[in-house]
Amino acid sequence: MELWLVPVISVLFTLSFCLILQRSLSRVILGLFVLSNAGNLLLFVSPGLTRGLVPETDPLPQALILTAIVIGMGLLAFALALCLRIKKDLDVDDVDELRDES
Amino acid sequence: MMAADSLLVISSTLCALFTGVTCLFFWNKPRPQRWLNLLGSLAHLFFSGLLLANVLESGPQVLRLGGWAAPYGIVYVADLFGAILLGVTGLLASVVALYNFSGGIDEKRERFAYHALAQFLVFGVSAAFVTGDIFNLYVCFEILLMSSFGLLVLGNDRRQLAGALKYLVLNLVGSVIFLTAVGMLYAQVGTLNFADLARKLATLEELPVSLHVLSHLLFVAFGIKAGLFPLFFWLPASYHTPPVPVTALFAGLLTKVGVYSLIRLYTFLFPHSGTGSFEWIWWLSVLTMFVGVVGAVSKNHIRKILSVHIISQVGYITLALALQTPLALAAGIFYMVHNMIAKTGLFLVGGVVESVSGTDSLKENGGLFKALPFLSTLFLVLALGLAGLPPLSGFFAKLFVILAAAEVSSYGSIFFALAVSVFTLFSMLKIWNEAFWKASPHGPDLALASSFARSALTPQMIAVTCLALLVLAMGLWSAELFDVSFRAAEGLIDPRAYVDAVLGPVSGGQL
């Protein structure tokens, strides 16, 4: 199970960095979404997964992921709100155009 | 012997959380919030002072939440290094809270939770300084990041929005890199507790490649927060946009949490030399120092100069870290405290200038020395302190770094430390000449003089005076303070006291 998750995680990381490097604002935010999930998934496989009914699995990484998911959701909600605000107030969707503002 | 649990470890942290939440109950009422912010910050200062005294007397203090023993439970630990920084955090929060009393921040922002966000920021920073495991450090980073996002966009200025986006994206990427590294660290070492990690990693003669790569991931994550050389772009893009009290808090606290984590990382977890990490840190520090100061010299607004300058100062601290001796690390800690105080002070002076003349542009300002001789003196004390002229704190901070470099014959470090401080002096004199010394571009301005008469003894001026006096005091009592930093540095280089306090000692006198 771990083995097939590894390529999935690496594809997610690659995809997210491709998106973040785009000029369009909404793609950057989308990239952040994918990136944060790639990180969570990596945390998920970090202790090594076991299938089926086993008496003991390590609960710690799962607690960590729960925390990370909640934090990530909060941050991304903020990112989305900021993105919306920038579109409304400044009317730009291009990261390059933002440069002149600051 | 197990150290007694002490609630004092997180008292000041809880103070900030409690104050922040209470502020929310006074939504839309600036005055009570302002007082709450000040009182909460003073309580923070009081408790962190007590904690510091305790730590000085009886070594690292540990709090095991819920009584669960480490490494299974969550622990908060205050060693001397953390306690010192916690104290400075309380101090800066109090000074900035005082500064807000005479129009440091506009009422619109105050209505909309400025004070609560400032306290949450202090909460995140304080928690980061005393947390005993690396995942909680991540959580603290997120708390302070979230509050800093709020503070950064509060007010909805066009410039603020544009600056905030860069800050947000780069810091989010940094956070995910941090989280990824934490996951991999757990996979390889099986623990996230600092003390446990220190003990387990100390048994390794040589770092395996996987851990080596991981240390670089963490380095990148913390480097983004600290504003190290190739990773600092978010800082000049965003720091000058929010109102001055916000920037002053950011300048004093945010990058320093990154530096704090870097120091913990390379003293507790990966002190192994021979991996080339410290050579890398050395080169990056030198570049950070140099690029930061050159960037600062090229700017034409007080706040922009000071913002870019933060980067250069971070380089000095990591340079001390790269030298790997207790003396160097002590110099780095001394430097860090000096820098937090002087930098916040300078930003606050910039804020007073802006509130008097309406702009922080060097071209538009002038003649301030004539109009505001007292403020100008304070600026001179802080600026020369930052540049490093005796008998102010910066002189000794730089002297200690240079002495530490001389001890290990790192002449390159000495050269760069001196060269960069010449540029620092130059950039401070640029502000001095343009804003304070040259004649006002608008002719003799009576309005300036009269507003001085009104603002002579305002809370703003008291706040700035406090910080200027501290810069002077740190210089005058530098020997005593350096002794304390040296003890803190020894506790980092040889973390036995910390590890034993958290996990209990093992036989054989090993770590």
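This is a predicted model: local features need pLDDT of at least 70, side-chain atom pairs count only at pLDDT 80 or more; totals for chains, interfaces and linings use all residues.
**Stop 1: the interface**

Colour the two chains separately. Select the residues in contact: 35 from chain A and 32 from chain B. The area buried between chain A and chain B is about 2900 Å². Carbon and sulfur atoms give 80% of that area.

How many salt bridges cross the interface of chain A and chain B? The rule finds 0. Residue pairs in polar contact between the two chains, with both at pLDDT 80 or more, also number 0.

Stay on chain A and show helices H1 (2–20), H2 (25–45) and H3 (60–90). Each supplies at least two residues of the side that touches chain B. Which helix gives the most? H3(A) does, with 16 residues. Colour that side of chain A by class: 23 residues are nonpolar, 7 polar and 5 charged.

**Stop 2: the largest pocket**

Next, select Ile20(A), Val95(A), Lys166(B), Val169(B) and Leu170(B) and centre the view there. Among the 21 residues that line the largest pocket, these five lie nearest its centre. The pocket has a volume of about 580 Å³.

Both chains take part in the lining. From chain A, show H1 and helix H4 (95–98); from chain B, show helix H7 (158–189) and helix H10 (234–238). Each of these four supplies at least two lining residues. H7(B) gives the most, with 6 residues. By class, the pocket lining divides into 16 nonpolar, 1 polar and 4 charged residues.

**Stop 3: the largest cavity**

How many cavities of 30 Å³ or more does a search of the whole structure find? The search finds 3. Go to the largest cavity, which holds about 120 Å³ of space. To reach it, select Ser36(A), Gly72(A), Tyr138(B), Leu172(B) and Val176(B), the closest to its centre of the 14 lining residues.

H2 and H3 of chain A, with helix H6 (134–153) and H7 of chain B, each supply at least two residues of the lining. Here H3(A) gives the most, with 5 residues. The cavity lining has 9 nonpolar, 4 polar and 1 charged residues.

**Last view**

Key
Residues are numbered from 1 along each chain as its sequence is written. Chains are lettered from A and ligands numbered from 1 in the order in which they are written. Side-chain values use heavy atoms; hydrogens and water are left out. Contact means heavy atoms within 4.5 Å. Buried area is the accessible area (1.4 Å probe) that two parts lose on being put together, summed over both. A salt bridge is a side-chain nitrogen of Lys or Arg within 4 Å of a carboxyl oxygen of Asp or Glu. A polar contact is a pair of N or O atoms within 3.5 Å; within protein, one must be able to donate a hydrogen and the other to accept it, and residues adjacent in sequence count only if both atoms are side-chain atoms. Ala, Val, Leu, Ile, Met, Phe, Trp, Tyr, Cys and Pro count as nonpolar, Asp, Glu, Lys and Arg as charged, and the others, Gly among them, as polar. On a 1 Å grid over the protein atoms alone, a cavity is a set of points where a 1.4 Å probe fits but cannot get out, and a pocket is an open set with protein on both sides within 12 Å along at least five of seven lines; lining residues have an atom within 4 Å of a point. Grid points are joined across faces, edges and corners, and a volume is the space filled by probe spheres set on the points.
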